[in-house]
Amino acid sequence: MSQQKDQTSPISMRDNPDCAYHQLDVQRYYEASLEIKNNRHHLDDAAEALEELEHNASVELFQKQVDLLKKRLVNDPQFFQQTFITEGTNAIAWEFQQDELGEAFTRTLWKLLCNNDDMSTLLMRFLWNVPLKFKRKFIRALDAYLSDRYPMFEGLSEGWPGANNIPPYIRPPSERAQDFDLVNQGYIGYMGLGYSFREVELLVWLEVLRDKQCDDKPCELGHLPKMDGGENEGGCPVKIHIPEMIHLMGEGKFKQAFQLIKEANPLPNVTGRVCPQEIQCQGVCTLNQRPIEIGQLEWYLPQSEKFLNPEANTEIGDYVNPWAKADKPPIAVVGSGPAGIINAYLLSKEGYPVTVFEAFHELGGVLRYGIPEFRLPNELIDDVVMKIKQMGGKFVTNFIVGKTATLESLKRAGFWKVFVGTGAGLPRFMNVPGEHMNGILSANEFLTRVNLMKAHLEDYETPLPEVKDKQVIVIGGGNTAMDAARTAKRLGGHVTIVYRRTQDAMPVRVEELHHALEEGIELKVLRAPREFIGSDKTHFVTHTNLDVMELGEADASGRRRPVPTGGIEVMKVDLVIMALGNASNPIVKDSEPGLKTSKWGTIEIKAGSQETSIDDVYTGGDANRGGSTAIRAAGDGQAAAREIAGNIPFSVDEIRSLVAGAERYTEQGQSPKKILRRIDLAEGIVEFEINAPLIAGSARAGQFVRVLGWDKGELIPLTLADWDADKGTIDLVVQNLGSSSAYINRMQEGEAIAGIAGPLGLPSQLHRYESGGTVVFTAGGVGLPPVYPIMREHLRMGNHVTLISGFRTRDLMFWDKPDGRVGLLQAQYPDLLDVIYTTNDGSFGINGFVTAPLEEMLEAMKAGSGRAISEVVTIGPPLMMRAVSDLTKRYGVKAVASLNSIMVDATGMCGACMVPVTLDGKMVRKHACIDGPELDAHLIDWDKFLPRFLQFRKQEEANKVRHGFA
Ligand code: FAD
């Protein structure tokens, strides 16, 4: 045995006073055996020595003891283990009582720890339980002797445990600012530097070793609130048993720690990464200089499990399909953000048949479309979704509650209870002059274009504003601002964050701000845009005048209010991203008169419950709190799941019937949007009949749908030309204009459109005009299909209708024959419907634009010779609508324009479809998707609105060339 080994072995018998045999003899015997075993050179000598020693008393005694030990091991392994522990820990304890740990001992100890066996677990437990001064000694030894292999140990002992620790692995700023790969790679990121999994586990354990094992558990419970009735300050919103988790990790029981955390929080891999730990668990850590990296520990556990067993995420145990079992009534979850997804997960686990209804075509809510992949990989959301599916949970995407169906209709379909986790997705704007200009957009829109629609990738269709080498400013100081700024940086922009207060008042997670600044993003504090100025030619923003601010008196939130000093700073900008927080989306509220909401539009809940003012409808997350955090949303989803899983008031047969109904409904929602019929109407214009039963069941005249043509396509609005609720079909007319419509235009019967959501927007406001006046429709080209159902409704109501349908040329006309839709209406309502056709080239009907016959009618009405005009509805090319608006304004006739403008989500979440409208002499923003699509044409500021149609012209041209459509 080598000298070194003898000196350092922590379980050496050298120091054992009970050792009755002569140790040197035993050692020689052991070495001789080894010589033979290893077939070394002096085989003969070794064999001779062995023979001689075998009869030596010491060796005989030793052999006897070994035999005895073996017997004991077989008969009583517990005893053996205990002996081993006692022996080993005694030896280590002896070493730890020396002034400092020796180098060889330290190296051996580390090596043993690295072995990842029973012995190493014992050692971990031993070190976890020794007093702090011994732990310090251990860290000093690591620092002194192992920093060559572990540079993170160098200097670690200075200020350890309170002021020093091993941080997780963060990719260097220069490298990470170029791509969308994960920035904070956690402790497991050290594997990328060549450390083994076990070594990484030990780094995590060293972090755990800093724990002071506080009795009052502030990290879990927080501090009592200063005011009665308030929430605890700090602590964990979902009450993860943090001290117990740390204790288990300290003893090397990582699996048990993961098990424990999972019971409280099914999303530790997400919340560990995005929670604002500095104001929650870590904010109240008694190691206040450098709190324990609780968030990092939280996500290390699932991540390491995933590393060790990549299939683990698909293992959910034995679950019987709850739809087939049908012993619990079905639950509907609306929205798939953290609130909804946790709710669905927990209820599926309890054996409820659950369907999640999500407005977008992808799942995860803000976690997917808001938070970028460099902060939160999408695969983590996919993991949870997969688990829910395996437990029988179902998902219906492109389903907008409040539009596709009401909460009431979900209940009627068979869902017993509903959880509403719709978030707070309506972006706020500043309402300052110039905000309508091209190049100014919400962070929601910008992030959705990149994160959800992958606009920055070549083979995806969604256009993205130009960012590379542009001056980009992001306005705001929260997580959304940071995500937008860091995304713009990665796309090559020169990015500045503009914030109206000071840096320390920014509501962002500290880590995100730190990372953003490290990546080269500038920060301008105490500045707020007063106005935006742009080019009259391009209508793109060119610079902004910033108010210079100072902090005044504290406001209601206790923070000092920023007030303008009167100073102005001019800043050049090419792209402005507004990250000012989100308000509540009114879609659900507007469709449910019985749903009580606060003055901010958030859904109210009963005291001590997650239940809303509607029985069996629950809510939580941002829908109830306004903009909050992922963990609070998750906590609410969890609390609601507990409430929902209450006493079931149904008989077995009733439950079966509810399950059958809800399953049928879910299947209808999931059914592919297959093209059942394709009719070529005219050159480049196609009519499709598409399977979409739930949309058909709710559609009303004037509404539109949001279409995703193919997986990598863009989301475009298309107006409903018709629908048949009994057949479950909708009709769309698509003209080959941009590259997306050209792509869809080529699709054939039997093919399926990737996603259709709707019906969206407000239905037309229809009036019965008793006076006999006519409702005039001016339809330009494919403005005719959206006009058709509105016009039909007016006819059904008994109103007189004049259709002025304009086309560029005869060849582009459709539905005009006796068996066409217009022809059939004429036959059905011969006294109520007049039709006038115009063509720009005079090839059919009146030569010219739709405005020519309209003007004639207006003149006749003025002269008292023609029919009175009750209102004019105009749908078609923007310039035509503007002309109709100007004309009718001159004659004082009401005009409504239906705006099919640029949209991304089409439910109010992006703000892209902004329409500048003048109300009481003030410009206000309206959004075509939620306030429209029909708006009072005379209130629209057409000069400001029209250029918005051209903002992505360059990108669209490039897409056409790419697809060979140019
Ligand atoms: P959401 O995540 O908003 O999910 C709501 C879901 O409902 C969406 O999928 C939406 O499409 C869907 N939906 C909406 N209306 C309907 C409808 N009518 N029918 C069907 N479905 C509907 N929090 C943190 O803790 N840490 C962070 O670092 C952090 N960063 C953020 C970064 C950004 C860019 C943003 C925008 C927010 C961030 N937040 C962060 C806040 C956090 O993401 C939210 O508090 C959290 O996602 C709220 O969860 P939720 O489930 O209530 O709603």
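1. Phe 399 counts as buried, since its relative accessibility is 2% and the limit for that class is under 20%. Phe 357 falls into the buried class too, with a relative accessible area of 1%. Both values come from a predicted model.

2. On aromatic pairs, the count for this model comes to 26. One of them joins Phe 357 and Phe 399: the ring centres lie 4.4 Å apart and the planes meet at 45 degrees, so the pair is classed as tilted. Phe 357 belongs to strand S2 (residues 354–357), while Phe 399 is in the loop between strand S3 (394–396) and helix H20 (407–413). The pair therefore ties together parts of the protein that are 42 residues apart in sequence.

3. A further aromatic pair is made by Phe 807 and Phe 814, and its geometry is edge-to-face. The centre-to-centre distance is 5.6 Å, with 75 degrees between the planes. Phe 807 is buried at 3% relative accessibility, and Phe 814 is buried with a relative accessible area of 2%.

4. Trp 815 has a positive phi, near 65 degrees, although the residue is not glycine. Trp 815 sits in the loop between strand S24 (800–807) and helix H31 (821–828). Its relative accessibility of 7% puts Trp 815 in the buried class.

5. Lys 239 also has a positive phi without being a glycine, here about 50 degrees. The residue lies in the loop between helix H11 (218–221) and helix H12 (242–250). Lys 239 is partly exposed, at 36% relative accessible area.

6. The bond between Trp 160 and Pro 161 is cis, with omega at about 5 degrees; Pro 161 is placed in the loop between helix H8 (132–145) and helix H9 (173–176). The bond from Gly 758 to Pro 759 is cis as well, with omega near 0 degrees. Pro 759 is found within strand S22 (residues 755–760).

7. One aromatic cluster is formed by Trp 110, Tyr 150, Phe 153, Tyr 169, Tyr 190 and Tyr 195.

8. The charged end of Arg 273 is placed over the ring of Trp 299, at 3.7 Å from the ring centre. Lys 417 has its charged end over the ring of Trp 416, 4.1 Å from the centre.

9. As to the overall fold, the protein has 35 helices and 31 strands. Its C-alpha atoms fill a box of roughly 135 × 70 × 65 Å along the principal axes. Among contacts with a separation of 6 or more, 70% come from residues 24 or more positions apart.

10. Of the 966 residues in the protein, 56% are counted as buried.

11. Charged side chains number 103 positive and 127 negative. The centres of these two sets lie 4 Å apart.

Conventions. Residues are numbered from 1 along each chain as its sequence is written. This is a predicted model: local features need pLDDT of at least 70, side-chain atom pairs count only at pLDDT 80 or more; totals for chains, interfaces and linings use all residues. Side-chain values use heavy atoms; hydrogens and water are left out. Rings of Phe, Tyr and Trp (its six-membered ring) pair if their centres lie within 6.5 Å; planes under 30 degrees apart count as stacked, over 60 as edge-to-face and the rest as tilted. Helices (H or I, at least four residues) and strands (E, at least two) are DSSP runs, numbered from the N terminus. Buried means under 20% relative accessible area, exposed over 50%, partly exposed in between (1.4 Å probe, protein chains only). A charge sits over a ring if NZ of Lys or CZ of Arg is within 6 Å of the ring centre and within 35 degrees of the ring normal. Contact means heavy atoms within 4.5 Å. Lys and Arg count as positive and Asp and Glu as negative; His and the chain ends are not counted. The place of a charge is taken as NZ of Lys, CZ of Arg, CG of Asp or CD of Glu.
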